[in-house]
Amino acid sequence: MPEGPESNLLKGWKQIAEFLGQPISVAQRWATTGMPVRRQGRSVVSTPEELNSWPGRESGEPVHVATNETDLSAELKRGLSHLRKEQHDTPAQNRKSARKRMNRK
């Protein structure tokens, strides 16, 4: 299998939807709202990296789509590190609202 940016290319709605863990119709709807996909010939394509970065851009917080290969403990550590940094950077009066946001999720 070739190495490089094309080696992990998700090609077609089926592969993209499976990566996201969603039905094809949901992936197609998300594409209309800005999910990073592009046409390559007659197919639609994207990469796992593009799809993983998209929810984070939309929410303003880091988000990662978990797959079978994902190291969940590393992702948990990354998420906790982000929360600690956010709490450290947030003034005391805003920490309460930040905790409310975390509890809603």
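How many bridges join strand β2 to β3? There are 3 bridges between strand β2 (residues 38-40) and β3, and the two strands run antiparallel. Two strands are taken to pair if DSSP finds at least two bridges between them.

The model is predicted: local features need pLDDT of at least 70, side-chain atom pairs count only at pLDDT 80 or more, and totals for chains, interfaces and linings use all residues. Residues are numbered from 1 along each chain as its sequence is written, and side-chain values use heavy atoms, with hydrogens and water left out.

**Overall content**

The protein chain holds 5 helices and 3 strands. Helices (H or I, at least four residues) and strands (E, at least two) are DSSP runs, numbered from the N terminus. Along the sequence they follow the pattern β-α-α-β-β-α-α-α. Of its 105 residues, 26% count as buried, where buried means under 20% relative accessible area, exposed over 50%, and partly exposed in between (1.4 Å probe, protein chains only). The accessible surface of the chain is about 7,700 Å², and carbon and sulfur atoms account for 53% of that surface. Such areas come from the Shrake-Rupley method with a 1.4 Å probe; for residues, only the protein chains shown count as cover. Among contacts (heavy atoms within 4.5 Å) between residues at least 6 apart in sequence, 37% join residues at least 24 apart.

**The sheet**

The 3 strands form an open sheet in the order β1-β3-β2, with antiparallel pairing. Strands β1 and β2 are the edge strands, each pairing on one side only. Strand β1 (residues 10-11) pairs with strand β3 (residues 43-46) over 2 bridges in the antiparallel sense. Bridge partners in β3 are listed here.

| Residue | Bridge partner in β3 |
|---|---|
| K11 | V45 |
| R38 | V45 |
| R39 | V44 |

The hairpin of β2 and β3 has 2 residues between the strands, and G41 in this hairpin takes a positive phi near 70°.

K11 lies in strand β1 and is partly exposed, with a relative accessible area of 46%. Not counting residues up to four places away in sequence, K11 touches S43, V44 and V45. The C-alpha atoms of K11 and S43 are separated by 6.7 Å, although the two residues are 32 residues apart along the chain.

**Helices α1 and α2**

Two packed helices are described by the angle between their axes and the distance between the axes. The axes of helix α1 (residues 13-20) and α2 come within 8 Å and cross at roughly 95°. That makes α1 roughly perpendicular to α2, a class that covers angles of 65 to 115 degrees; under 35 counts as roughly parallel, over 145 as roughly antiparallel, and the rest as oblique. Axes are lines fitted to C-alpha atoms, for helices over the stretch in contact, and angles run from 0 to 180 degrees between N-to-C directions. On the α1 side, W13, K14, I16, A17 and L20 meet I24, A27, Q28, W30 and A31 in α2.

T32 is also found in helix α2 (residues 24-32). T32 is exposed, with a relative accessible area of 67%. A polar atom of the T32 side chain lies 2.5 Å from the backbone oxygen of R29.

Technical notes
Polar contact = N/O pair within 3.5 Å; in protein donor to acceptor, adjacent residues only side chain to side chain.
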